[in-house]
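Student: Could we go through this one together? I'd like to see how the labels get assigned.

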Amino acid sequence: MREQMAATVEGPGLKPIESIGALRGAEAPRSLREAKGGVPQRLKPESGLGGYGTAEAVPLSKTARVGASERQMRGSLDCALRAPLGMTASNDGMTAVDGCDVNDAEDGTPFDKLREECGIMAVYGHPDAARMTFWGLYALQHRGQESAGIASADGHDVNDIKGMGLVSEIFTDEVLARLPGHIAIGHTRYSTTGDSALLNAQPISVESTMGLIAIAHNGNLVNLGNSKERLERDGAVFQTTSDSEIIIQLIAHSRCNTLVDCIAESLAQVDGAFSIVMMTRNRIFAARDPHGFRPLSMGRIAGVNGEPDTFVFASETCAFDLLHAKYERDVRPGELVMVSEDGVTSRRFAPETVPHASCIFEHVYFARPDSRVFGRWVQQSRDEMGRQLARESGVDADLVVPVPDSGVTAALGYAAESGIPFNFGLIRNHYVGRTFIQPEQRTRDFGVRMKLNPVRNLLQGKRIILIDDSIIRGTTSRKIVRMCRAAGAAEVHMRISCPPTISPCFYGVDTPSTRELIAANKSIEEIREFIEADSLAYLSLVGLTYSCTTNEPANGMSPASFCTACYTGVYPTQWVDVEDILPAGALVG
Ligand code: SF4
């Protein structure tokens, strides 16, 4: 049963988003044109961000986007909730299926997961800043494995080195020796299909009248207005297709008098998700977008023998631990922090009134459980997700089994709350790289079986509860369920530690379009049937936000502080891609 969204779209010729919501239900229009009320359309954004938007907005890269006012979207967040408490589908009469006759498409990737696109790191005031940045990126490797880069400065010169592959593959001792200086920034990147060239690896550097500026960016900009065309008319030469470069070109072409003013002015012109670190030959800057979509924390390494302290910034605090850095605080949404020889200073580039929309999926899946993200331990949230899941949709069983690795903490919580024993019934091979899988192997679940293997003596004859963090297309979940049955499990009950993923992300997470998201196109019961589980239940949205906020101090995260758009289809910014939010079948006709 799917509820419809209630927010409204404004603009010439567009139907209210109510009608976009209806696309998800039975009355989907026959074509994209019909869905958009006769588009392609370009809309001007509303002036809802306190005058911080560009004068005229033009879609960034896709064919059509709709804007919905932030006020309307926030207002409809609660009523757009699509996963009521205890939403469960079950099938007691299910018979075991013996394994490997998969007839669904295998895309060659072993796991069907959403992927974070970047991790960023910055160090100021350490004699070997590049090496410290390397260690930080090493801890952030889970946020992107396709390319990495480090830029360093010694007060005079800026050097940067980028490469394709893992951080440890690129930055050998010899390479790090070519990055001298006490200042460094770094980036590790997962890029979307067709966009994995070294060209787009970061940090990106641009020469300006104020010297060379390098930037590393986590997130995705959703509205750059006519900035790129205007910058090109002003003589900007873009080196990459990355929208991150727009920020740095805006800075380089700003007419403000000081670099800090140039940066603040430029950041105020763009909308979307950005946690960034920047450097010049003698300063570090760190900033987060006004909504605070992506995390960015600040830490400090105490100086020894009267030496000044070292300041570090990272996407996740797990990067601090290797450096013996102490977490100080998060960079606040809409804040620009500068570190120079004069110390640390901070200013705002956006009003504090912009509603926060921190990505809740960081707590569900992306971030490491040993990190503190948005000021809260991820382990604490995930454990509570598992406990809440057990409270909402408990089922009689013999064993709680996590889908490793990201399902482990929630499974521990589920087991603790339910009293059902926990064990590792599936073992993950951590050394599976980008192995080429032959076409004939793809049709036999080879990718998943390379990565996961069942522990037969644990599963044999048992009624198991599988805990995972998401179902995206459903194909991987089906393979895992079949794998458990083939290993002798008597019953397989699937429990997911977040609500159904029904809508794509536009804020720096690689998601399929709505057409490919199984939960956007099938009911819970249909998904259960598809993945061949005995029962299936998702954590409710209320349960998720509760899990990510329970026991928070009065000034801590609240349910309203989070972006939950991939579970609700209600976006915190004005710009979304119409094509990407159409369900399967909407283009037929
Ligand atoms: Fe995170 Fe989902 Fe929002 Fe993207 S849409 S920022 S993945 S909560």
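This is a predicted model: local features need pLDDT of at least 70, side-chain atom pairs count only at pLDDT 80 or more; totals for chains, interfaces and linings use all residues.

Student: What makes Phe374 count as buried?

Tutor: Its relative accessible area is 6%, and buried means under 20%, so Phe374 is buried. Phe374 sits in the loop between strand E20 (372–373) and strand E21 (376–377). Its phi is near 55 degrees, a positive value in a residue other than glycine.

Student: And why is Asn551 called exposed?

Tutor: The cut-off for exposed is over 50%. Asn551 has a relative accessible area of 68%, so Asn551 is exposed. Asn551 also has a positive phi, near 65 degrees, and lies in the loop between helix H20 (541–547) and strand E29 (562–563).

Student: How many of the protein chain's residues count as buried?

Tutor: Of its 589 residues, 59% do.

Student: Which residues touch the most other members of the largest nonpolar core?

Tutor: Leu466 and Leu544, in a core of 75 residues. Leaving out residues up to four places away in sequence, Leu466 touches Val401, Leu426 and Ile480, among others. There's also a second, separate core of 30 residues, including Ile213 and Leu336.

Student: What are the classes of the residues in the shell around the ligand?

Tutor: The shell has 9 nonpolar, no polar and 1 charged residues. Among the residues around the ligand are Arg294, Cys359 and Phe361. Arg counts as charged, while Cys and Phe count as nonpolar.

Conventions: Residues are numbered from 1 along each chain as its sequence is written. Side-chain values use heavy atoms; hydrogens and water are left out. A residue is near a molecule or strand if one of its heavy atoms lies within 4 Å of it. A nonpolar core is a set of buried Ala, Val, Leu, Ile, Met, Phe, Trp, Tyr and Cys residues joined through side-chain atoms within 4.5 Å. Buried means under 20% relative accessible area, exposed over 50%, partly exposed in between (1.4 Å probe, protein chains only). Contact means heavy atoms within 4.5 Å. Helices (H or I, at least four residues) and strands (E, at least two) are DSSP runs, numbered from the N terminus.
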